[in-house]
Amino acid sequence: MNKTIDKVELRYLKMEDYEELKETMIQAYSGMSEAYWKEKHVKKLLEVFPEGQVAVTVNEKVVGCALSLIVDYTNFGDNHTYREICGDYEFDTHDPEGNVLYGIDVFIHPDYRGLRLGRRLYDYRKELCEQLNLKAIVFGGRLPNYHKFSKELSTKEYIQKVKLKEIYDPVLSFQLSNDFHVKKVMRGYLPGDKESKEYASLLQWDNIYYTRPKKKYAQGTKEYVRVGLVQWQMRNYKSLDDLIEQSEYFIDAVSGYRCDFALFPEFFNAPLMAAFNHLSEPAAIRELAKFTEPIRDKFIELAISYNINIISGSMPLVENDKLYNVGYLCKRNGEWERYVKLHPTPDEKKVWGMAGGDEIKVYDTDCGKIGILICYDSEFPELCRILADQGMKILFVPFLTDTQNGFSRVHYCTRARAIENECYVAIAGSVGNLPKVHNMDIQFAQSAVFTPCDFAFPTNGIKAEATPNTEMILIADLDLELLKELHQFGAVQNLRDRRTDIYEIKWNGKRGAK
């Protein structure tokens, strides 16, 4: 092509374009006889779905086209032919209430290839799919170069080599570069397609913004989640009621800002051990454990009355003569679940005789799936990856660190977890001193919310940070839709790009990890 390009335009197709469309299609499918749409076909498509038929013009001449239908894909499934999806070319299969945008055809005049005009057509289809809230774009893609390799390669081997860029296929290579994935290989999809040996690859692009039609009753998860982190001041409390009163103050405060979650730190109830400071350290913490279930029951009440999900940090619990570090997710609907620290620190094992749990899971909430890891557990990347594989969007980490060294381990490890697992991470710790509690003398904390590092997020991956070593609450809004975009379009895609063909993480504990 030696002509000067003055204007390129993408617009709706019109019947007046038919002759140019026909000529372009004949040139595009020169290897197939009579491979062009008749006038009646184009007319019918424009009648049933005008916005699905678009043309790309160069200097006001039609040089490319995309034709589409909306179908109820449940009526066809993955085993169908081109003729079936087109309704024997009557296009009565078009259903305005359907759930999938089906690509009938895309073609570019050979003289105008290399200008990325096909990408414009596909970008339009993707925008249309999103605007109409359709679940996906689906179509059968020809394999026009397969006839060159059919004697030595199966279709599966051929497609794999195209994926690895060892073979170039003008259709499949283009589709893969446009974020489509191969669902299956179909035989006899387009009779007469000798170049493809009548094979086709069923391709799909998923609309990450798709939402199921709403029910007649209120339900569903939120797209924006507001979290409230409690940076707790360690101080002496005369009784359990005093500690509950301070806890309720913070719950009231974050609830007043319409937070969906309140996160307390690890061992926030440690000041109550002051009454047992005359005992040995193992005996004192076992006395503290007697307050755990009353605090849990009170937090369940507060979650309901303040309409907020409360993550209770952690507290000691004696069960079957073993001491565990546990916490509770108290949901605002009255339900509650328990989580347990899996990795006690060397100090917790040495001083208190603490045992580790053996269960990990994600928790379903009205704000989506969340994970909770207590302090030291967040320094083990495998745990967070297991939760990410289960669909976790937000990881909550209650922690307790005495020195800046300990805090830095939690800080940097949790920032890494946000990047590795493409999720949000919220951490909350305690500050201040406890002069009358053995093994809990000093605390250092800077509560924070971390994000992945990509264009839609802060460049340093820090959404919000509290003032170090100061009692306060930290509030941050988290956009879960940004995570969907990251999974699909991120500059890097840590979850998708894992080499699961050569390594994997295997869970050997309780089957709570699902």
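Predicted model: local features only at pLDDT ≥ 70, side-chain atom pairs only at ≥ 80, totals over all residues.
**Exercise 1.** Find what joins Glu195 and Arg142, and state where in the chain each residue sits.

Solution. 
- Step 1. Start with the contact: a salt bridge joins the side chains of Glu195 and Arg142, at 2.8 Å from N to O.
- Step 2. Next, place the residues. Arg142 belongs to strand S5 (residues 136-142), while Glu195 lies in the loop between strand S6 (181-187) and strand S7 (199-206). The two are 53 residues apart, so the pair links distant parts of the chain.
- Step 3. Look for further partners. Asp193 is linked with Arg142 and Glu195 in a network of salt bridges.

**Exercise 2.** Decide whether Arg142 and Glu195 are buried, partly exposed or exposed.

Solution. 
- Step 1. The cut-offs are under 20% relative accessible area for buried and over 50% for exposed, with partly exposed in between.
- Step 2. Arg142 has a relative accessible area of 15%, so Arg142 is buried.
- Step 3. Glu195 has 29%, and therefore Glu195 is partly exposed.

**Exercise 3.** Apply the same cut-offs to the salt bridges Asp364 with Lys369 and Asp501 with Arg499.

Solution. 
- Step 1. The side chains of Asp364 and Lys369 meet at 2.7 Å, N to O.
- Step 2. Asp364 has a relative accessibility of 46% and is partly exposed. Lys369, at 30%, is also partly exposed.
- Step 3. In the salt bridge of Asp501 with Arg499, the closest N and O atoms are 2.8 Å apart.
- Step 4. Asp501 reaches 58% relative accessibility, so Asp501 counts as exposed. Arg499, at 42%, is partly exposed.

**Exercise 4.** State how many cavities of 30 Å³ or more the structure holds, then describe the lining of the largest cavity.

Solution. 
- Step 1. There are two cavities of 30 Å³ or more.
- Step 2. The largest cavity holds about 70 Å³ of space.
- Step 3. Its lining includes Tyr339, Val340, Leu342, Ile360 and Tyr363, as well as Glu359, Lys361 and Asp377.
- Step 4. Sorted by class, this lining has eight nonpolar and three charged residues, and no polar ones.

**Exercise 5.** Give the volume of the second largest cavity and sort its lining by class.

Solution. 
- Step 1. The volume of the second largest cavity is about 50 Å³.
- Step 2. Among the residues lining this cavity are Met273, Phe276, Asn277, Ser280, Glu281, Trp352 and His438.
- Step 3. The classes come to six nonpolar, three polar and one charged.

Definitions and conventions
Residues numbered from 1 in each chain as written. Heavy atoms only, no water. Salt bridge = Lys/Arg side-chain N within 4 Å of Asp/Glu carboxyl O. Helix = DSSP H or I, 4+ residues; strand = E, 2+ residues; numbered from the N terminus. Buried < 20%, exposed > 50% of the residue type's maximum accessible area, 1.4 Å probe, protein only. 1 Å grid on protein atoms, 1.4 Å probe; cavity = no way out; pocket = protein on both sides within 12 Å on 5 of 7 lines; lining within 4 Å. Points joined across faces, edges and corners; volume = space filled by probe spheres on them. Nonpolar A, V, L, I, M, F, W, Y, C, P; charged D, E, K, R; others polar.
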